[in-house]
Amino acid sequence: MINVFQPALGAEELEAVRRVFESNWPGKGKITDQFEVEFARHLGTDRELVHSTSCCTEGLFQAMTLLGIGPGDEVVLPSISFVGAANAIMASGAQPVFCDVDGASLNCTADTIESCITARTRAVLILHYGGVPCDMEAIGGLLARRRLLLIEDNACSVASRFRGNACGSFGDISVWSFDSMKGLVTGDGGMIWCRTADLAKRAEQLLYLGLGNKSGFGKTVNTRWWEFEVTECGRRGILNDIASAIGIEQLKKLPRFLARRKQIHEFYDGELSSISWLTCPPQIPDSSISSYYFYWVQARSQHRDRLATYLRENGVYTTFRYFPLHRVPFYGATKSLQNAERAAEETLCLPLHPSLSCDDLEHVVTSIRRFDPGETFR
Ligand SMILES: Cc1ncc(COP(=O)(O)O)c(C=O)c1O
């Protein structure tokens, strides 16, 4: 089966993990510090603003606490986004308010966000769908005008840029995921960036039990180093040196991964754009750099479902990301969002990861061409 997403781990990662074993310290230590330093450099931001975490979902939960979001607040987010984003908002006591997306890019827009803003809106939590940046000029302008906080979910956009600036540098808090299906893989893991050093310092404490500066472990400042101070109810959402060692090697390979992802994206565009019953994703604007995380096609609902089954029967695994959250009863939304609903019926993400061989890609496009959609009006 050709996987839809897959990590690309090699001898370098294994060697880095071996060195961690030799150090006999697999927990959070010097290697995690180095990973944070190098990730900050990758973003072009200050080291003190970046902290690693156990996963992106933990970062999303922490973001709510850090920004003081809670009961009575509303947070607007695109319906086409990850379940952990809505859970983080719900868990804080705030209400998730789902906005629609653009039907082709599947990104939220300033207009779809604005139509959901009420007097209770505190923040907007955006996702750069498939790695293609949202229009941050329009969204940034709207949020500045309405004085709203911005959280960026960069799980799809580890290397994306909008007008030269890294995705993740536009808001108040940003989070990244390094789980096993992402563009940069550490097994599980994530990163959190905060706009101010004060917020970042608090994030660091919240990610480690809320222990304050006067806690003595590993430091020489306290005579009784086993004593500690707790500043608030933190959790334990830290990364470890095994994951970070993998992350450092993956970061070195990221330019190569991206080049391959771009090549695959262009191959699909070239091979699939002439198929009358399929629509390829929109062109990436010149002002943007994508992480080429998803490649998606759109077809009429009955074709899409049959195509997915046909491909699976022919050894090609596909999926749709992300099932619209406003259709999940737990979140309590009752409205209908036309584009998100249509996207959920018509969109299919094709295999896209750096380990796909040319034969794999040929097999994917040949299988799609061989598929008989029946009635082809679209
Ligand atoms: C868009 C998006 N946000 C957040 C997450 C959560 O990431 P993690 O698995 O690191 O918690 C994911 C994971 O799939 C995701 O796709």
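**Close-up views of a predicted model**

**View 1. Serine 301 and its partners.** Serine 301 touches Glu345 and Glu346, leaving aside residues up to four places away in sequence. This is a predicted model. Serine 301 is found in helix 9, which spans residues 301-313. Serine 301 counts as partly exposed, at 21% relative accessibility. From serine 301 to glutamate 152 the C-alpha distance is 30 Å, and the two are 149 residues apart in sequence.

**View 2. Asparagine 154 in its loop.** Asparagine 154 sits in the loop between strand 5 (149-153) and strand 6. Its relative accessible area is 1%, so asparagine 154 is buried. A polar atom of the asparagine 154 side chain lies 3.3 Å from the backbone oxygen of glutamate 152. Residues up to four places away in sequence aside, asparagine 154 touches His128, Cys167, Gly168, Ser174, Val175 and Trp176.

**View 3. The interface of domain 1 and domain 2.** The domain assignment gives domain 1 as 11-249 and domain 2 as 254-370. Their C-alpha centres lie 26 Å apart. In contact are 41 residues of domain 1 and 34 residues of domain 2. The two domains bury about 3,000 Å² between them, with 61% of it on carbon and sulfur atoms. Across this interface there are zero salt bridges by the rule. Polar contacts are found there in 23 residue pairs, both residues at pLDDT 80 or more. On the side of domain 1 that touches domain 2, the elements giving two or more residues are helix 4 (83-92), strand 3 (95-99) and strand 6 (161-162). That side of domain 1 has 23 nonpolar, 13 polar and five charged residues.

**View 4. Helix 3 and the glycine that follows.** Helix 3 covers residues 56-66 and is mostly covered, with eight of its 11 residues buried. The buried residues are Cys56, Glu58, Gly59, Leu60, Gln62, Ala63, Met64 and Leu66. Glycine 68 follows helix 3 and has a positive phi, near 70°.

**View 5. Glutamate 12 and lysine 253.** Glutamate 12 and lysine 253 form a salt bridge, with the closest N and O atoms 2.9 Å apart. Glutamate 12 lies in helix 1 (residues 11-23) and lysine 253 in helix 8 (residues 241-272), so the pair ties together parts 241 residues apart in sequence. Glutamate 12 is partly exposed, at a relative accessible area of 40%. Lysine 253 is buried, at 7%.

**View 6. A salt-bridge network.** Glu15, Arg18, Arg19, Glu22, Glu249 and Lys252 are linked by salt bridges into a network. The count for the model comes to 22 salt bridges by the rule.

**View 7. Arginine 146 and glutamate 114.** The side chains of arginine 146 and glutamate 114 meet in a salt bridge, 3.3 Å from N to O. Distant parts of the chain are linked here: arginine 146 is in helix 6 (residues 136-146) and glutamate 114 in helix 5 (residues 110-114), 32 residues apart. Arginine 146 is partly exposed, with a relative accessible area of 38%. Glutamate 114 is also partly exposed, with 31%.

**View 8. Arginine 202 and glutamate 232.** A salt bridge joins arginine 202 to glutamate 232, the closest N and O atoms being 2.6 Å apart. Arginine 202 is in helix 7 (residues 197-206), and glutamate 232 is in the loop between helix 7 and helix 8, so this pair links distant parts of the chain, 30 residues apart. Arginine 202 is partly exposed, with a relative accessible area of 28%. Glutamate 232 counts as partly exposed, at 22% relative accessibility.

Note on methods: Residues numbered from 1 in each chain as written. Heavy atoms only, no water. Domains from an automatic or database assignment. Contact = heavy atoms within 4.5 Å. Buried area = accessible area lost by both parts, 1.4 Å probe. Salt bridge = Lys/Arg side-chain N within 4 Å of Asp/Glu carboxyl O. Polar contact = N/O pair within 3.5 Å; in protein donor to acceptor, adjacent residues only side chain to side chain. Helix = DSSP H or I, 4+ residues; strand = E, 2+ residues; numbered from the N terminus. Nonpolar A, V, L, I, M, F, W, Y, C, P; charged D, E, K, R; others polar. Buried < 20%, exposed > 50% of the residue type's maximum accessible area, 1.4 Å probe, protein only.
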